[in-house]
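Keep the model open as you read.

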Amino acid sequence: MMGTTRNEAVTPPDNTAVRCALWRAMHVRVDAAPYVLEDEIGLRLVAPEADWPHRPDMAPEATGAFRAAMVARARFVEDLVTEQVERGVGQYVILGAGLDTFAQRRPEIASRLRLFEVDQPGTQAWKRRRLVELGYGVPEWLHLVPVDFEAGESWWERLVAAGFDPRGPAVIVSTGVSMYLTRDATGATLRQVAALAPGSTLVMSFLLPADLVDAADRPGLRTSQAGARSSGTPFVSFYAPQDMLALAREAGLTDARHVSGTVLAERYFADRSDGLRPSSGEDFLLATL
């Protein structure tokens, strides 16, 4: 199967998804090599106005820490997926996929998987159209799975309908999503993941409360909150690491651990000539079944 045959309205991705895609491109254009992630395909998908590098939210110095955090997050996930593919895991699910470009950038790995990108119907219709227009197409192993969350559709039911095998192990990734969901909604997702086949892995990012964020990064957090609120998608949930671990264990994920953004900073940004470092504030839940 190749996703859906439903006729959906085409809706461009939200501002957050676009900004992340442009930041990934900016990393290649303005930061020093070696690059943590090389991704200009998201830029091609968005096709912004020619002056996009001069937007205030792209300012190289002012946004460097956020740009670094986005590429660190993506690199962490991709390293994990690559490792799991080598172990024989054959399914990869991205919840809230937005402008993820793993399938286009890393086809030598992605084509060894059944890759499921889950997002809102309008966004998926837009992305499908752009992939075709740019010549990437939608290969048989890539499934764009539209889920109308606002209408109460179950992402799990839509995923299985798109060809996901609940009996086989999978990597499930949800990054940049939990802050928009209630604790109950995130708990429900974790319970569903806990029912996956043995050998499965979950990565979920979460935002820290302001008092756990480095003082230098708190103004940026406030700016992000204000921007999300004005876009109609406010942040509603923040978690201290022990609270996220407790939520995971309540859901049945007994083998869960916390990975701090600091760990990623040390892994991917040590000894850089330009001093680029990710902002603090986003940490990760890593759980295995």
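The points below cover a pocket first, then the backbone. The model is predicted. The second largest pocket has a volume of about 240 Å³. Its lining holds 14 residues.

**Second largest pocket**

- Phe-76, Leu-80, Glu-83, Arg-257 and Leu-286 are the lining residues closest to the pocket centre.
- The top contributor is α3, with five residues.
- Sorted by class, the lining has six charged, five nonpolar and three polar residues.

**A cis peptide bond**

- The peptide bond that runs from Ala-33 to Pro-34 is cis. Its omega is near 0 degrees.
- Pro-34 sits in the loop that links α1 (15–30) and α2 (41–46).

- Ala-47 is not a glycine, yet its phi is positive, at about 50 degrees.
- The loop between α2 and α3 holds Ala-47.
- Asp-271 is not a glycine either, and has a positive phi of about 60 degrees.
- Look for Asp-271 in the loop between α11 (261–269) and β7.

**Exposure of Asp-271**

- Is Asp-271 buried or exposed? Its relative accessibility is 80%. Exposed means over 50%, so Asp-271 counts as exposed.

Terms used
Residues numbered from 1 in each chain as written. Predicted model: local features only at pLDDT ≥ 70, side-chain atom pairs only at ≥ 80, totals over all residues. Heavy atoms only, no water. 1 Å grid on protein atoms, 1.4 Å probe; cavity = no way out; pocket = protein on both sides within 12 Å on 5 of 7 lines; lining within 4 Å. Points joined across faces, edges and corners; volume = space filled by probe spheres on them. Helix = DSSP H or I, 4+ residues; strand = E, 2+ residues; numbered from the N terminus. Nonpolar A, V, L, I, M, F, W, Y, C, P; charged D, E, K, R; others polar. Buried < 20%, exposed > 50% of the residue type's maximum accessible area, 1.4 Å probe, protein only.
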